Amino acid sequence: MTDKFRLHWPVDNRTITQYFGENPHVYAPYNQAGHEGLDFLAPVGDDIYACADGEVFDVRPDDGNAYGLHVRLRHRVDGHEYRTIYAHLSEVLVSEGQHVGAGDRIALSGNTGHTFGPHLHLTLKLVGAKTPGYPNGVVDPLSYLQEEEIPAPTDLTIYTTDRVRLRAGPTTSSAQLTWLGKGEALTVLGDAGTARAWVGQPGQWIQVQRADGMHGFVAAWYVQLQPPWPAPPEPEPEPAPTGPLTVYATEALNVRRGPSTGTSRIAIALPHEPLTLVGDLQAALAQIGDRGAWLHVRLPEQPDGSKGYVAAWYVQTEPGPEPETLLTVYPTEDMNMREWPTVSANPPIARLAQGTPLTVHDDPERAQALTGRYGEWLYVETPEGRRGWVAAWYVQLQPLRPAERMPEPALAGPLTVYAAEVLNVRRGPSTGTSRVAIALPHEPLTVIGDPQAALSRLGRLGEWLHVRLPDRQGESEGYVAAWYVRTEPGPAPDTLLTVYPITDMNMRERPTVKARRIGQISYNAPLAVHDDPERAQALTGRSDEWLYVETPDGRWGWVAAWYVSKAPS
Ligand SMILES: [Zn+2]
């Protein structure tokens, strides 16, 4: 493979919204191992540029194909033939047979084909290459993308006012490169005058370089011009460690089987838990804080006393605070606990009875967001102190209660039930069917069919009720789990989370890009998320998640969570 072929950025901004190979289950129906290219943030009408010198060999209309209106270029380099595909366009500015140069404007971005909102999709093919799980020729474009030109460092130094993210681009949706510490000194890149004026300004971003050379963007409202405290004295040279040495996670941290994020998780370490370094202590100490370095550690006292690897850039030598509380979850049926968070080639290490209280050894908010979610795993401790992984979709936040005794007298009218907590309404009587809506505890759900039969199923695990949703535009009926409803209304939430689209986007009937579009939503329109506000907050901005929302004009539907943000932009 030649290393002379480079891709010019096809859009002006620097935000990649979906990488190659992501979201395998979304692409399974297309017989692909994952996303077959790169997606770039691109509102409708943005300029699209040719990635390299080449020839237009195909322009295809929006005729129902997955790419919508798209352009294909051919590039011949050193006897190799590369092809680039620019998909979901609104307008094409070139024609078949035309020669184009790298960086030439060839099209305008759009929202055609199978999309969840406007963006540019780029596929790269190298004729003759084969990436397992993808069509012939398809390769990951990322390593071919030209490094951005980095503006020169200035004399201006700024300081973070809090722990804040360094991002790849100037938006909250840009990729997170790393965490910056509170009070960290950053060299401003580019234009010092503009940066100085932006310091402290909400919505502005400043391009900076860290002491270690890493560069990116920092939110201007999290920096100041003065160091927040006097510089710390030069540290004394540390004496050579003699005894066992411990480090601590800076936040809830994955412990892995090997020194790479590609190896499986075996545990989660919390900030107060000592991790004992294994091996060459001097070398390990020198690596603390180094991005890309891994430390071999022994986990805190546990029956199995196992070892694993943690990211050296997420540990410190002082213990962090113990969490105030940890989430407790309860198996909905007898289930297995496993050594790693997967069912494949991973024999159970314990059998847990339905209703056993399990302490989730993780950030409680994250644990709550994962509870009940299919495909997610929780790292838990049993009442006897055993630790391991359980399937998040087999546990719930409350222990199962025996079905309440229902009044005997025959019902006169239709039966109304209420969600015991924020509840998925599904297309059919099974968790395998897609969600159509979310019901909150105060919303009346009218049972369709025989009320007496429905009453007898209330509270019973595995039973479903067919219900009519409260008056709203959109889906009008669905199925709810009978073991999550009751006959008394619960409280209306004090508040619902409001989110704002970062671009014009589609609202859909169900939470999938394949679902019918039921409306277009404008950039920055306030959307009330009809869900538990904390869960909604945890999902906002996350790739492959969906939010059930109400628009200002009273329309209801699902929007892609990775295209909204918690603040208007
Ligand atoms: Zn794509």
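1. **Ground rules.** This is a predicted model, in which local features need pLDDT of at least 70 and side-chain atom pairs count only at pLDDT 80 or more, while totals for chains, interfaces and linings use all residues. Residues are numbered from 1 along each chain as its sequence is written.

2. Strands here are DSSP runs of E with at least two residues, numbered from the N terminus, and two strands pair if DSSP finds at least two bridges between them. Strand 7 and strand 9 (residues 105-109) run antiparallel and are joined by three bridges. For a pair to find on screen, V92 has A107 in strand 9 as its bridge partner.

3. **Two positive phi values.** Most residues other than glycine have a negative phi. D78, not a glycine, has a positive phi of about 50°, and H88 has a positive phi near 70°. D78 sits in the loop between strand 5 (70-77) and strand 6 (80-87), whereas H88 sits in the loop between strand 6 and strand 7 (89-92).

4. **Buried or exposed?** A residue is buried if 20 or more other C-beta atoms, placed from the backbone, lie within 10 Å of its own, exposed if 12 or fewer, and partly exposed in between. D78 is exposed because it has 8 other C-beta atoms within 10 Å. H88 has 26 C-beta neighbours inside 10 Å, so H88 counts as buried.

5. **D140.** This residue is in the loop between strand 11 (138-139) and strand 12 (153-160). D140 counts as partly exposed because it has 18 C-beta neighbours inside 10 Å. D140 and L38 are 102 residues apart in sequence, yet 7.9 Å apart in space, C-alpha to C-alpha.

6. **Domains 5 and 6.** The chain's domains, with bounds from an automatic or database domain assignment, include domain 5 (416-486) and domain 6 (498-565). Their C-alpha centres lie 22 Å apart. In domain 5, 11 residues are in contact with 13 residues of domain 6, contact being C-beta atoms, placed from the backbone, within 7 Å. The side of domain 5 that touches domain 6 has five nonpolar, three polar and three charged residues. Ala, Val, Leu, Ile, Met, Phe, Trp, Tyr, Cys and Pro count as nonpolar, Asp, Glu, Lys and Arg as charged, and the others, Gly among them, as polar.

Technical notes. Helix = DSSP H or I, 4+ residues; strand = E, 2+ residues; numbered from the N terminus. Contact = placed C-beta atoms within 7 Å.
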